[in-house]
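Good morning, and thank you for coming. I would ask you all to look at the screen while I go through a few selected features.

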Amino acid sequence: MPQIDFTLPHWAYWLGLILFPLVAAALAKRPKPTERTYSLFLGYFILITGGILGLHRLYLKSLVGLIYIPIFICILYANSEGQTARSAVSDMSNAVRQAERTLDRETPRVETAEADLPGLLQKQADAEAGSLDKRRADRDVKRAQKRIEQGRERIEEAKADLQTARPAMETAESDLTFWRNFAKYAFWLILAAMAVDAVLLPGLVRKANANLPPERPLSETELKLKELEDAERKDDSSYVSRGWTGRIDRLSLFCGEFVSYWAVIAVIVYYFEVMSRYVFGSPTNWAHEAMYLMFGMQYLIAGSYAMLTESHVRVDIFYAPLSPRRKALVDLLTSVFFFIFAGTLLVTSWIFAFDAIAVPSGNGLLSDWARGQITTGEMLTNWDLLQWTDTNIRWGEISFNEWEVPLWPMKWVMVIGGLLLVLQGISKFARDIRVLVRGA
């Protein structure tokens, strides 16, 4: 199987987190078609991302897509067997190397001991009985004999290991080559089928649209159910208050909707990771880290959105039956605990963010400024394009794995999340006062 040697550039990671939600939001706000049809653009998108599973055919209700699945399963099985064979090759190769090292080490030792043994025996025979020389000669003879005996045993064991390990290694290497070729040819077969479908896809989309059944009008029961669902569904914009607090609410609403599209990025990245690991045998060192950092930022940014839309977990057994004025009074009395938490989060995040920029590994002007080594004016006047483009310049804290993504931006997102939460708390506080004063 071909290997995928791809590491996501840092700039692409940040650019994707910014641009993807903007594009996705623009697409989501497009007017929906009145009639259901199959999209050629979506068909090609599915072909590129999931064509290896035949999902583009299944999207168009073509059962020919089922042919892809057993071929894909064969690739997974071949990769699994190849992994087993690779482990066997590694084990047998280690056994062969260890046996060869044993032979290289013990053979000269035994030969030297065998060459020295006659002389030692002669010294033993010439030494006077009971003397110190006699005892030393006896000890030297025993050592030489023991060395010869143990060395011969190790040599025999090493030879036996070689006789077993070498054929096993050759068999494992043959199996590994077979399964690699099997997976490779199956993969090329799928690619060939995808290439053919790429040419046929426009016709397949036209055929699928032509075979679409006419839209069935909703029954009276279905219409009533739809009206009930529409009545119970509360749009996020309905949470936006009037007056100056509405600006804060709209900011929280925008930020929450913005980061919600990051969940789609996670699906794409983890899909890429699974395919890279199990199909191409090329696990990444960046996918998991990129996504758990992204989810951490999403959790912080979406806090104000959850507060606005009342999505936080709350025990409503006493709160729900209260009137709006009493609810507002309870919220005002308990807001002190919220502001303690939100203020602590904001201050602590600010400290974390500055510490992340000021770490000793940071060698850029921004890190020097954060450490207090230069003034703000010196930092701004000496700033140039190299601070952005020079790969040897690091502004602050980075991760410890091979990806080495900067971590200080995540710390500043904590500051943004804390600030949004405080602002939304102020908006809620003002609205509760408005309810008590005006009764609405």
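Asp-368 has a relative accessible area of 17%, so Asp-368 counts as buried, since the cut-off for that class is under 20%. Please keep in mind that this is a predicted model. The partner of Asp-368 is Arg-371, and the two residues form a salt bridge whose closest N and O atoms lie 2.6 Å apart. Arg-371 itself is partly exposed, because its relative accessible area is 27%.

Please move along to Gly-372, which sits in the loop between helix 11 (365–370) and helix 12 (376–381). Is Gly-372 buried or exposed? With a relative accessibility of 61%, Gly-372 counts as exposed. The C-alpha atom of Gly-372 is separated by 8.7 Å from that of Ala-358, a residue 14 places away along the chain.

Let me continue with salt bridges. How many salt bridges does the count come to? The count comes to 13. One of them joins Glu-100 to Arg-166, with 2.9 Å between the closest N and O atoms. This pair links distant parts of the chain, as Glu-100 belongs to helix 4 (residues 68–126) and Arg-166 to helix 5, 66 residues apart. Glu-100 has a relative accessible area of 31% and is therefore partly exposed. Arg-166, at 38% relative accessibility, is also classed as partly exposed.

A further salt bridge is found between Asp-432 and Lys-428, where the closest N and O atoms are 3.0 Å apart. Why are these two residues, Asp-432 and Lys-428, separated by about one helical turn? The reason is that they are four residues apart in helix 14. Both Asp-432 and Lys-428 are buried. Salt bridges can also join into a network, and here one such network links Arg-105, Glu-106, Arg-109 and Arg-154.

I now turn to helix 5. Helix 5 contains 79 residues, and from its first C-alpha to its last it reaches 109 Å. That span is close to the 117 Å expected at 1.5 Å a residue. Where does helix 5 bend? The bend, of about 55°, is at Leu-200, and a proline, Pro-202, follows within four residues.

The next topic is aromatic rings. The structure holds 25 aromatic pairs. In one of these pairs, the rings of Phe-178 and Phe-182 have centres 6.2 Å apart and planes at 40°, so this pair is tilted. Phe-178 and Phe-182 both lie in helix 5 (residues 132–210), and because they are four residues apart there, about one helical turn separates them. Phe-178 is partly exposed, with 47% relative accessibility. Phe-182 is likewise partly exposed, with 33%.

Another aromatic pair consists of Phe-354 and Trp-412. Their rings are edge-to-face, at 5.6 Å centre to centre and with 65° between the planes. Phe-354 lies in helix 10 (residues 324–357) and Trp-412 in helix 14 (residues 408–438), so the pair connects distant parts of the chain, 58 residues apart. Phe-354 has a relative accessible area of 22%, and is partly exposed. For Trp-412 the figure is 21%, which again is partly exposed. Ring pairs also link several residues into a cluster, made up of Phe-6, Tyr-13, Trp-14, Phe-272, Trp-286 and Trp-403.

Let us look at Trp-262 in particular. When neighbours within four places in sequence are left aside, Trp-262 is in contact with Leu-17, Pro-21, Met-294, Met-297 and Gln-298.

Thank you for your attention.

Key. Residues numbered from 1 in each chain as written. Predicted model: local features only at pLDDT ≥ 70, side-chain atom pairs only at ≥ 80, totals over all residues. Heavy atoms only, no water. Phe/Tyr/Trp six-rings, centres within 6.5 Å; stacked < 30°, edge-to-face > 60°. Buried < 20%, exposed > 50% of the residue type's maximum accessible area, 1.4 Å probe, protein only. Salt bridge = Lys/Arg side-chain N within 4 Å of Asp/Glu carboxyl O. Contact = heavy atoms within 4.5 Å. Expected span 1.5 Å × (residues − 1). Bend = angle between axes of the 7 residues up to and from the residue.
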